[in-house]
Each structure stands twice: as structure tokens, then as C-alpha cells.
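Dear colleague,

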Amino acid sequence: MTKGWLSADLWIIGAGFIAAMHVGKLPPAVSALQIELSISLVQAGLLLSLIQGAGMVSALALGSYVEKIGLKRCVLIGLLLLSVASAVGAFSHSMQALFISRIVEGFGFLLVTLSAPAYIRQLVPIEQLHAKIGLWSSYMGTGVGLSLLLAPFLIESLGWQSLWLLLALLSLLLCLVIWKWVPKTSPVAKHIAIAELVTSTLKHPPAWCLAFIFAMYTGQWFTLIGFLPTIYQHNMISLKVAGLLTAMVALSNAIGTSVCGLLLQRGFSSKTLVQFGFSVLLVCAFTFYTMQNQLPFMLQYALVFSFSMFGGLVAATILSQSLHFAVKPIAISATVGLILQVSAISQFLLPPAVAGIVSMTASWFWVGILMASLSAIGIVVTQYLFKAASAQ
């Protein structure tokens, strides 16, 4: 435990929040970047997706090394990378420099998010684990939501560089706090066979099931958040109000994940929580996309808000189950790596697929069918995962 008013695990959870704030800082700054650095819309889109690039190509491999390098050391390195890259990005005067800084931020984000679940598992008593993992699972919704709330005011008054520098400073300060006060966990033998760890994880069907289920959710959430500006523009919502509304949607996800952790702590069925979450996603996404032109704005927003909040049930449960379904305890970070890698691919591929469907059909109807189908697949794979587990 720390010498102070926060326990050690909460500092690690805070590292996840800060890491996700780096993800969420870019969307509100796109307009300013386009003006100051002459970045095109396509280049802005690439900047948005670059932070997922590290996860797409290296999450499993990097996750397999995390235990060997050391969980605390990986969190510290991740925060340092985020701090340095964000500071360098703030002083970038070219598109290329900003691209490079964003890629480095991606690796920093990945190191923090790969290490934290296994680290938290070792820091907290077993009876508190579900609640703490549920709180950890809110890192993306909380971090992105906080960035979306802060960004418009900072960018308007001080410029986008102020947001980059603020997050660089916060990352550095948290790095120093964790270095000073958060204890190391039990060291792992240095002779870990990384290739064997990767191979055993890839050959473990439950790990693939968890990754696939998580991807069915994250791709949808990322796409829905990304296309929220379309409903705001259609309803003549101002930019500042749009930022606030989007932040509330992101933060609603944090509410869902935190509540889910408490429900798991009280013994609620993991399978039921995931399948109920996907059922709500199915109804909300299908209704939102297929009836977008018929529904009043407030009902559209209620559907999006509910989608994000109940999606938290899926996120928290799957990340919690990664601790139990890993092929062995030392493979937890590798399993989380596989989950994040498949998830990153989903988040990278689904938005352009949706844009393509809308361009070809001039309608959102088939997007609703696609999203409902992804939730239905999530329900089926969840049923298979827990049925296979109970049969063992």
C-alpha cells in the first residue's frame, strides 16, 4: 500500500485514465491541427488511428514480454513514453513529427494497458479483485471523457499545445508517484520462454474467445463514438455542446464498467452480464441506425448513451475474465495482449467499413443490421466460452 491517501492499485488505475486521456485528446484538436499544420482530413484520420497501430501489430508479443521486464517497470516506461511523446508533439511544426510522436504514444499506451490488469491482480486482495478490475476497465471511457471535457476550453484559450503539455506533465508526475510509492510485485523468473508463452496463448481457445467477444464490442463503441458528430450536425448542435454530449457518452461507459465490477464482486454471473450487455447493444444500435431519420434527437442520444453505458458490462467482464481464462497465471499479460490486438484491429477496420456501407447505400439501415449481427455473434461466442469452461 502507498504512504498516503490512495492505495497502490488506485495509482495504477489512474495510470490507465491518464493513458486514455492521450487517446481522447486528439479528436477535439483536429480542426486546430488542420489550420496550424495544414493537415488534411485524411491525415487527421490517420493521426486518430495511429495510436491503435502499436496494438494492431505488437500487443500479443509485447504482452508476452511484460512479465519478464517487470510489471512496475513497464507501467513506468509507458508513462514516460507518453510524457516525452506528448511534450515533443506539443512543439511539433510538421505533420511527420506529430505522426512519430503519436506512434510513440501508442506504445506508451500499450505498455500501461498491458501491464495494469496483472499488476492490479497482485496488489489487491482476492475478495476485492472484481471491483478493482471493474474500476480499471473504465479507463477508456473515463480518460476519453475527461479529455473531451477539458479539450475545448484549453484549446480555445491556450491552443492545442497546452493540452499536449498538460498531459505530458500529468504523465510524468504520476510516473514519479508510482516509482516512489507503489511497490514492486513478486518477481518472475528471468528464464521465461517468450515463444512458448506466445504459442500457448495462441493455442488456448478461451483466449481467442475473449479477444473475439471484446472486439465485437469495442469496434462498435469506437465506431459509434466516431460518428456521433453526424447526428450533432444533423440536429444543428454547436461544437462546444457537441463536445460535452460526447464526453457524457464516453463517461457513461465508465459508469457501466464500475457498476459491473461491483456486480461481479457480489457474485453475479459473468456470462449473464456479457449477454445482457450485448442484448442492450443490439437493440440500441439497431434502433439508432435503422431509424435515425425518424427519431427525435433526445431519443437518439438516449440510445447512444445507453449503448455506451451497458457496453461497460461487456468490457469489465471480459477484462476480469482474462485473469481466470489465461492458460496460466504468467500468461495473463499475453492474454490481455491478444485481447487488445484483436480489439485494435476491429477498431481500425469497422469505421471505414461503416463509411463504405453508407456511401454505397446512402443509408444507415445496413449499418444497423451489421451492428446487430456483431452483438448477436458476441452473445453466441459468450455462450460457447462459458459452456466449454463448465464442461471442463
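Angles under 35 degrees count here as roughly parallel and those over 145 as roughly antiparallel, with angles running from 0 to 180 degrees between the N-to-C directions of axes fitted to C-alpha atoms, for helices over the stretch in contact. Helices are DSSP runs (H or I, at least four residues), numbered from the N terminus. This is a predicted model, in which local features need pLDDT of at least 70 and side-chain atom pairs count only at pLDDT 80 or more, while totals for chains, interfaces and linings use all residues. Residues are numbered from 1 along each chain as its sequence is written, and side-chain values use heavy atoms, leaving out hydrogens and water.

Helix α1 (residues 8-24) packs against helix α4 (residues 71-90) at an angle of about 30 degrees, the axes being 11 Å apart, and the two are therefore roughly parallel. In their contact (heavy atoms within 4.5 Å), Ile12, Ala15, Ala19 and His22 of α1 meet Val75, Leu79, Leu82 and Ser86 of α4.

In the other pair, the axes of helix α10 (residues 205-226) and helix α14 (residues 297-325) come within 10 Å and cross at roughly 160 degrees, which makes α10 roughly antiparallel to α14. Among the residues making this contact are Phe214, Tyr217 and Trp221 of α10 and Phe307, Gly311 and Phe325 of α14.

Conventions:
Parallel < 35°, antiparallel > 145°, perpendicular 65-115°, else oblique.
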